[in-house]
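Have a look at the model first.

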Protein chains: 2
Amino acid sequence: MCQHRRMSTAKVLPLIESGGQGVAPCCPPLTERTLTAEEAMTASRMFRALGDPVRLRLFSAVASHEGGEACVCDISDVGVSQPTVSHHLKKLKEAGLLTSERRGTWVYYRVEPSVLTAMGQLLTLPAAA
Amino acid sequence: MCQHRRMSTAKVLPLIESGGQGVAPCCPPLTERTLTAEEAMTASRMFRALGDPVRLRLFSAVASHEGGEACVCDISDVGVSQPTVSHHLKKLKEAGLLTSERRGTWVYYRVEPSVLTAMGQLLTLPAAA
DNA sequence: CGCCAGTTTCGACATATGTCTATGTTGACG
DNA sequence: CGTCAACATAGACATATGTCGAAACTGGCG
């Protein structure tokens with residue numbers, strides 16, 4: 001019950017770095033070798049951020065929203081109170097998965113595309129022989 | 001300080017279903033639409049399982065080990081006590097990320113390849129136009 | 001049978017986490 | 001300037017989680 005759709009200035013962002021490889025390295029694929037303690041620390045933060053049902057829904061809501069971004073009011077229907085939504089969005093931001101920007105009354109969140117691809121590469125399977 | 005390498009019966013497993021698509025569906029990519037509460041519940045369990053540094057190291061140790069499996073004694077050097085290692089392996093098993101099998105004295109863990117690909121697909125980016 | 005190495009389970013504990021209500025903060029609009 | 005809507009922060013609280021040491025379990029071996 002919100003749905004402010006005033007934002008006609010939404011530039012359609014690419015969501016993918018045009019090289020497909022210019023992303024944050026972080027760690028090798030999980031199937032390559034045992035991660036170091038430090039690598040595991042970094043990578044586990046991202047996984048943990050998506051390890052809560054509410055946060056995962058919020059993340060997918062932002063990621064799938066038109067233009068690659070969404071204001072809080074458009075994704076708040078996840079069954080918890082508004083402060084809790086805010087809290088989870090902050091967590092996602094701290095994990096580097098989302099960025100936020102205030103435009104007038106509303107705050108827009110958008111996914112950090114490089115992190116998404118980085119996580120995907122973590123789960124890369126070794127090429128089948 | 002273990003390294004029992006008695007297991008000459010290790011069959012070199014493929015690690016990938018030969019269709020590349022015969023995997024558990026679970027949920028659509030996070031960028032496709034907002035997950036339902038139920039989908040988010042399921043998917044977040046897997047992310048949460050990898051959301052601990054120790055577990056992530058253990059998982060990568062198993063996933064990268066020769067033959068796609070490893071006995072506990074070969075991956076226990078992660079800086080925590082052995083019961084804690086066992087506890088984390090149990091968590092990974094409960095999350096469906098690992099399976100275990102006892103062979104004589106040792107217990108071998110191996111990755112569930114279908115889950116890995118399923119998680120990878122969750123992080124799939126929309127095809128760049 | 002008895003011991004021993006590998007692994008799991010148990011119980012306890014400190015800390016982290018998710019949730020809420022109440023209250024701040026910020027910007028738009030009369 | 002006052003009020004309202006959108007979000008964020010603060011504080012409190014119950015529960016989940018990671019860790020350990022101690023003890024149980026399991027199977028090989030002498």
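In this predicted model, 35 residues of chain A are in contact (heavy atoms within 4.5 Å) with 35 residues of chain B. Together the two chains bury about 3100 Å², 77% of it on carbon and sulfur atoms; that area is the accessible area (1.4 Å probe) lost on putting the two parts together, summed over both.

**What chain A brings to the interface**
- Arg57(A), Leu123(A) and Leu125(A) supply 19% of the area chain A buries against chain B, more than any other three residues.
- The side of chain A that touches chain B has 21 nonpolar (Ala, Val, Leu, Ile, Met, Phe, Trp, Tyr, Cys and Pro), five charged (Asp, Glu, Lys and Arg) and nine polar residues (the others, Gly among them).

**Polar side of things**

**Helix H1 of chain A**
- Helices here are DSSP runs (H or I, at least four residues), numbered from the N terminus.
- H1(A) has 13 residues and spans 18 Å from first C-alpha to last, close to the 18 Å expected (1.5 Å times one less than its number of residues).

**Ground rules**
- Residues are numbered from 1 along each chain as its sequence is written, and chains are lettered from A in the order written.
- Local features need pLDDT of at least 70, side-chain atom pairs count only at pLDDT 80 or more, and totals for chains, interfaces and linings use all residues, while side-chain values use heavy atoms, leaving out hydrogens and water.

Definitions and conventions: Helices (H or I, at least four residues) and strands (E, at least two) are DSSP runs, numbered from the N terminus.
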